[in-house]
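Reader: I have a structure open on my screen and would like to walk through it with you. Could you take my questions one at a time?

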Amino acid sequence: ITQKMGSCSSQSCQSCFFEYETERMIVVKSKVVGSVFRLIQFLILVYVIGYVCVVQKSYQETDSVISSVTTKVKGTGFTNTSDLGARVWDVADYNIPPQGDSSFFVLTNMIVTPNQTQSTCPELPNQSTICMSDSDCLEGSNDVRGNGIQTGLCMNYKETVKTCEVLSWCPLEIDINLPEHALLAAAEDFTVLIKNSVTYPKFNFHKRNILPDVNSSYLKQCEFNRKTDPYCPIFRLKDMVSEAEEDFQTMAIRGGVLGIMIDWSCDLDWPEHHCGPKYSFRRLDNKIPENNVAPGYNFRFAKYYKTTDGRETRTLIKAYGILFDVIVFGTAGKFNMVPTIVNLGAALTFLSLVNAVCNWFLLTCTKRRDYYSKHKFTYLDNTDDNAGESVSY
Amino acid sequence: ITQKMGSCSSQSCQSCFFEYETERMIVVKSKVVGSVFRLIQFLILVYVIGYVCVVQKSYQETDSVISSVTTKVKGTGFTNTSDLGARVWDVADYNIPPQGDSSFFVLTNMIVTPNQTQSTCPELPNQSTICMSDSDCLEGSNDVRGNGIQTGLCMNYKETVKTCEVLSWCPLEIDINLPEHALLAAAEDFTVLIKNSVTYPKFNFHKRNILPDVNSSYLKQCEFNRKTDPYCPIFRLKDMVSEAEEDFQTMAIRGGVLGIMIDWSCDLDWPEHHCGPKYSFRRLDNKIPENNVAPGYNFRFAKYYKTTDGRETRTLIKAYGILFDVIVFGTAGKFNMVPTIVNLGAALTFLSLVNAVCNWFLLTCTKRRDYYSKHKFTYLDNTDDNAGESVSY
Amino acid sequence: ITQKMGSCSSQSCQSCFFEYETERMIVVKSKVVGSVFRLIQFLILVYVIGYVCVVQKSYQETDSVISSVTTKVKGTGFTNTSDLGARVWDVADYNIPPQGDSSFFVLTNMIVTPNQTQSTCPELPNQSTICMSDSDCLEGSNDVRGNGIQTGLCMNYKETVKTCEVLSWCPLEIDINLPEHALLAAAEDFTVLIKNSVTYPKFNFHKRNILPDVNSSYLKQCEFNRKTDPYCPIFRLKDMVSEAEEDFQTMAIRGGVLGIMIDWSCDLDWPEHHCGPKYSFRRLDNKIPENNVAPGYNFRFAKYYKTTDGRETRTLIKAYGILFDVIVFGTAGKFNMVPTIVNLGAALTFLSLVNAVCNWFLLTCTKRRDYYSKHKFTYLDNTDDNAGESVSY
């Protein structure tokens, strides 16, 4: 394409259409130069085939995974506390929300405040709520870190401490005395079934984490184990936390967030059964106490009741537990012409650098460089218009 | 760039800065060679323009969609069972959770166990729970597949069957007798409004699935239909299930997961109104019974009540139904210099292959190949230092 | 590579292996042509370095972010309505669902329908429900836009209006009288703590939006401010709505969806502390009233109670409020050989275009074009087999 433009402009287009131009070459028969030339060519070919094609698979078009996850937790736990008495917890009690989508929560510890009603009670004592008399309290004041609307009265919180009274759900929750051992310690033996269905829309590829070659009876009794059962979709909670290098009972006290990562990276040039889920587990919340606000994971929810006289009461539960977050990711690659052409083309460009290097070697490092140079270059002098003589060939 | 390096090294840099080197060419006036040359050039141009540019749009930079979805289900159903009596179900009853985010659940079938309390009752009979005497039961034992904590007693389950007693929410749920016809069969006529807002952050492009050119009155009465109303955001549940080639009433019995895929793939070089949502529907859970654990989709939740004497009771509901999962995906492309340069450059590299092919044709297949070869190549003999003679030109 | 193929085919392979071919060049000493040549070379180099490398960072491999989000809302509000009396709302009341995942809802306005029971009552009057006598009502009819199952009776709705009676949760909700000022106006002062943990799996890069260099005491009292506290993860609701250029009190009446976008785009060739979250806020639902069905954001949920005689009653709440949707996105780039080679290679291809332009300039625009042309081209005539003479050199 390069040469054509120059010559065609000075001729009629029709005749030049069937002309073919090609460079005049000199052929150097030299083992040294030839070896250098072949060596560099070889290195570039090794790079193209080895790195670009084999390692990076640059001949593939890629697509990101689209995924749908449902989960189902199994197991029962038993607690015996002064507040609640002996009590069995089943999945409808500890799994909140119950739907089982890609993130599910298992309650492991809690602070229960039963029989709250809309009424007035003295605030929890802290710097801004302790008062000496009613004049220290501002009626209608509503602190974002407080528990309600101040009524303007100063009341006895304990015998020695007076605090401003608030209108709120009373009695107030006292969340300082978190049980030091997780109440629902038995949660470590609960299991969860994860059903994951993935799609690579560009390749019209669909697959599930329950592989087609496992049967129903295996699925009823298996448990995930990285070595023996890497494709079993049923996971014991404690095993997952251990894989993330955490201790379940420690984590259960204040709660936390555990990522269940499912990697669906696949090379779709291989048969479909080579494409399977790879599970890994990682704690996602911050354990480091220094820069940690609200460590662990907890949230408050309430169960609402009505008394016989129609008044609303509620049981407030500050629920600590482990939030399991199923994160599905992956990229699939499949042979496609465009990236192949692009990456091959770009690599070929580097073959032209071979010539640059060899020319430099030929005209600088060889003994007979002047002889080569004389044949390679024809100097045209700009100031002289009488052609022939000035040409140094 | 190639040629420069060779010659500049043997001259002063300043003078060579304004030198221009260009290849010496031979021009072959041959219809055969010219035709071959032009034909190959044409094929490569067709490939570049046709495949790279038109089909693959390789001149575009791409971005992945970011999306926000809210949903709202409408409709009421009626059931008449021995447990619950005649009862009307509205959206607050059957839509769990009620928030309407990107995945929503419509209850279609259920097993209700009312009036459960924390107490003791004999376990459901199976291999590991059937007992002959108290000695077969282990006090405090807690099987992950059981329903509670064994008390150590062996009790009559039926007249002929004895099972170990457990502390649990009693009476236990008997989930074998799933209604054979979905209770809330009327759910097939429910409709859902899907509001979807997408962003392509790289292109600062925002759009909603409620297109700007439809008006409020149309939206109040329309219903999605692939042919007549492809942009109506209100979907009848049965239509969606049918589009996924499933039968609503069959799916409603044991539940399932239905993917509502919204494809926002767009070519943003066209005006904005060409970019619209494309809906498709696919069942995401596994129908094949062979390798299917916990087929369908269900979860348990409970409504908690307090009796007048302050004891907690609950109604446990094993809810079967269809989980609708709105999955938004898509890639937008827009002209950008970098991919254009990269892909065009790579394609141009292949134009240089034309020369390789034509040279081979010229020097091998033509009648006058020796004549052409003689002019194209100048052989320099390595062993001879007297220049002129050895040159074969 | 191009030249080799031609000559090798006519020789023995072994001897040609150590041959090196290089083009014969003419060197034009011309300030004009040289300047044009250098200028174009310079422009392409500026493009390669400036645009491809600096602006587009094409030497980088990229990866998409994977993210996990938890949120926690703080604050209490006070309402005083005829339905509910004086009442304090805390997080367990207004935050639905309570779990605090990547999208959380804050209730700001509501229509409460207490003491609903399964019973019969006249439908809300509209075109299809108003009746004159029982014959206008169809027993068992169930309109998707109605509230229940018609009993076939025509009842007094008001003194002057008769409507068909339905079996439903009665009394029916009347959702026309939405309070004109948001009930929970105090919600604007609530704060939310957003904990976000991101991963770039390809680069094994993990980070949290609570940066390692902030300490616990700062986090306890800080509030996000784009100028003074850009990395504080605690946000005042009103500030977020203002940043999205909306008015909180207006939005609170009918609800809406607010996107909290966290951009984690990072250049991982820089030290890790340069990679931080960038927050932005945008309203995601449609404000334009013309093509808006069900404007704002609301959903219905119910609290279920049991009366002393065992009948179920419920309080239906149509909840209006702001759904905050935390959307995390971003692409990280890191130096990688493959894209570098590809993009550099493609750019280098364009350097070969320099020659095309310069040749055209040399052979068309210079005074001595015939002289240059004579030396550059050697014309071989196809019809003449006597070599030497026909060559125009």
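Author: Gladly, and let us begin with chain A against chain B: their contact takes 89 residues from chain A and 98 residues from chain B. Please keep in mind that this is a predicted model.

Reader: How much area is buried between chain A and chain B?

Author: The size of an interface is often given as the accessible area lost when the parts come together. Carbon and sulfur atoms give 57% of that area here. Within chain A, the three residues that supply more than any other three are A:Y20, A:R24 and A:Q99, with 11% of what chain A buries against chain B. The whole area buried between chain A and chain B is about 8100 Å².

Reader: How many salt bridges are counted between chain A and chain B?

Author: One to look at is the pair B:E312 and A:K303, whose side chains meet at 3.3 Å, N to O. That distance counts because a salt bridge needs a Lys or Arg side-chain nitrogen within 4 Å of a carboxyl oxygen of Asp or Glu. Between chain A and chain B the count is 4 salt bridges.

Reader: Which helix gives the most to the side of chain A that touches chain B?

Author: The polar contacts across this interface come to 32 residue pairs, both partners at pLDDT 80 or more. On the side of chain A, the element that gives the most supplies 16 residues, and this is helix α8 (residues 337-364) of chain A.

Reader: And how do the residues on that side of chain A divide by type?

Author: Taking the side of chain A that touches chain B, there are 19 charged and 29 polar residues. The remaining class in this division is the nonpolar one, with 41.

Reader: Which residue of β2(B) is the bridge partner of A:Y20?

Author: Strand β1 (residues 19-23) of chain A and strand β2 (residues 25-29) of chain B run antiparallel and are joined by 5 bridges. A:Y20 also belongs to the trio that supplies 11% of the area chain A buries against chain B. Its bridge partner in β2(B) is B:V28.

Reader: Moving to chain C and chain A, which residue of chain A forms a salt bridge with C:R87?

Author: This contact takes 89 residues from chain C and 98 residues from chain A, and 4 salt bridges are counted between the two chains. In the one you ask about, the closest N and O atoms are 2.8 Å apart, and the partner of C:R87 is A:E312.

Reader: Which residue of β1(C) does A:K29 stand opposite?

Author: Strand β2 (residues 25-29) of chain A pairs with strand β1 (residues 19-23) of chain C in the antiparallel sense, over 5 bridges. In this pairing, A:K29 stands opposite C:E19.

Reader: Is strand β10 of chain B largely enclosed or open?

Author: Its residues point two ways: B:T191, B:L193, B:K195, B:S197 and B:T199 go one way, while B:V192, B:I194, B:N196, B:V198 and B:Y200 go the other, and all are buried. With 10 of the 10 residues of β10 (residues 191-200) buried, the rest of the structure leaves this strand largely enclosed.

Reader: Over how many bridges does strand β4 of chain B pair with β10(B)?

Author: Several strands join β10(B): β12 (residues 234-236) of chain B runs antiparallel to it with 3 bridges, and β11 (residues 205-208) of chain B runs antiparallel to it with 4 bridges. Strand β4 (residues 66-74) is antiparallel to β10(B), and the number of bridges is 9.

Reader: Where in chain A is there a cis peptide bond?

Author: Most residues other than glycine have a negative phi, and most peptide bonds are trans. A:P97 lies in the loop between α4 (91-94) and β7 (103-122) of chain A. Omega is about -5° for the cis bond, which joins A:I96 and A:P97.

Reader: Is A:E245 buried or exposed?

Author: This residue sits in the loop between α6 (237-243) and α7 (248-254) of chain A. A:E245 has a positive phi of about 60° although it is not a glycine. Its relative accessible area is 72%, and the cut-off is over 50%, so A:E245 is exposed.

Definitions and conventions
Residues numbered from 1 in each chain as written. Chains lettered and ligands numbered in written order. Predicted model: local features only at pLDDT ≥ 70, side-chain atom pairs only at ≥ 80, totals over all residues. Heavy atoms only, no water. Contact = heavy atoms within 4.5 Å. Pairing = 2+ DSSP bridges. Helix = DSSP H or I, 4+ residues; strand = E, 2+ residues; numbered from the N terminus. Buried < 20%, exposed > 50% of the residue type's maximum accessible area, 1.4 Å probe, protein only. Buried area = accessible area lost by both parts, 1.4 Å probe. Polar contact = N/O pair within 3.5 Å; in protein donor to acceptor, adjacent residues only side chain to side chain. Nonpolar A, V, L, I, M, F, W, Y, C, P; charged D, E, K, R; others polar.
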